[in-house]
Amino acid sequence: MGGPGGPALPFAGNRKNRSEWTMDIEILTFGDNYIYLCRTADGVAFVVDPGQAAAVLAALKARGGRLTHVLLTHHHGDHTGGAARLREQTDCHVVGGDRVEVPVIDTVAAGGEEFAIGGVQVRTIATPGHTCDSVCYFLPAQPGNPTPMVFTGDTLFVGGCGRVFECDAGTMWRSLNDLAALPEETRVYCGHEYTVENYHFATKFFPRDAEYACKLAEAQAAVRAGRPMIPSTIAAEKRANVFLRAGSVESFAHLRGLKDRF
Ligand SMILES: [Zn+2]
């Protein structure tokens with residue numbers, strides 16, 4: 001496939017043969033939400049947190065890819081709103097944490113499941129806290145995906161974390177630490193663009209921390225240039241995420257409370 005004489009892969013702009021192909025991630029936005037449309041070497045596409053279907057369908061039409069999977073990180077409507085329409089129009093398979101809240105889910109992910117999409121291995125990680133059904137999707141380093149990546153929904157943001165709506169602070173703290181234990185080079189793709197606000201918070205409460213000040217300047221420059229701050233890495237978050245650096249569940253709960261009122 002895709003080599004000299006073989007059929008072209010169904011993606012505009014692909015000039016690589018299959019063995020050199022690395023997974024393509026298209027970042028779609030609506031409001032401050034991120035939708036991730038990923039295409040593998042096998043011409044297969046999957047989408048993470050399609051809060052709306054229209055942008056995903058337009059991107060598939062414009063740039064190709066056969067949508068086989070929708071991955072949902074949690075049940076909130078701004079992450080799941082497009083799932084039913086995508087399933088209807090493409091017959092894709094929907095994976096997510098709570099079939100009661102999101103009836104269109106085909107496979108319930110409770111954490112620890114492993115499956116392949118277009119030859120790319122995916123592992124689910126249960127990360128309750130923001131909601132009880134929160135789950136992250138981890139893709140380890142493998143052929144076609146040399147750098148590991150994780151889709152973190154509203155659990156871990158760049159420089160921040162989600163509000164603790166349905167669980168207690170201890171549960172969220174454990175989930176964040178499970179993510180922090182992933183390989184340092186893992187790329188982090190989160191559910192919203194809250195980066196500047198997150199570093200504003202960190203610099204307000206830790207005004208002498210050079211790491212936070214530097215990240216705030218970097219994020220503000222990215223906004224000016226119209227560039228998303230995605231992806232981050234686990235290493236960067238361990239260095240400059242005020243919640244991952246909390247050090248204890250008590251300190252985490254205190255900081256989360258301050259941020260809720262910020
Ligand atoms: Zn949410």
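Six strands form an open sheet in the order E7-E8-E9-E10-E13-E14, with mixed pairing. Strands here are DSSP runs (E, at least two residues), numbered from the N terminus, and two of them pair if DSSP finds at least two bridges between them. Strand E7 (114–117) and strand E14 (232–233) each have a single partner strand, so they stand at the edges, with one side of each left without a neighbour in the sheet. E7 pairs with strand E8 (residues 120–126) in the antiparallel sense, over 4 bridges.

Residues are numbered from 1 along each chain as its sequence is written. The mean pLDDT (the predictor's confidence in each residue, from 0 to 100) is 92 for the protein. Over residues 1–15 pLDDT stays under 50. Where pLDDT is low, the predicted coordinates should not be read in detail.

Val 44 lies in strand E3 (residues 44–48). Beyond its neighbours within four places in sequence, Val 44 is in contact (C-beta atoms, placed from the backbone, within 7 Å) with Arg 66, Thr 68, Ile 117 and Gly 118. Val 44 and Gly 118 are 74 residues apart in sequence, yet their C-alpha atoms are 5.3 Å apart in space.

Note on methods
Predicted model: local features only at pLDDT ≥ 70, side-chain atom pairs only at ≥ 80, totals over all residues. Contact = placed C-beta atoms within 7 Å.
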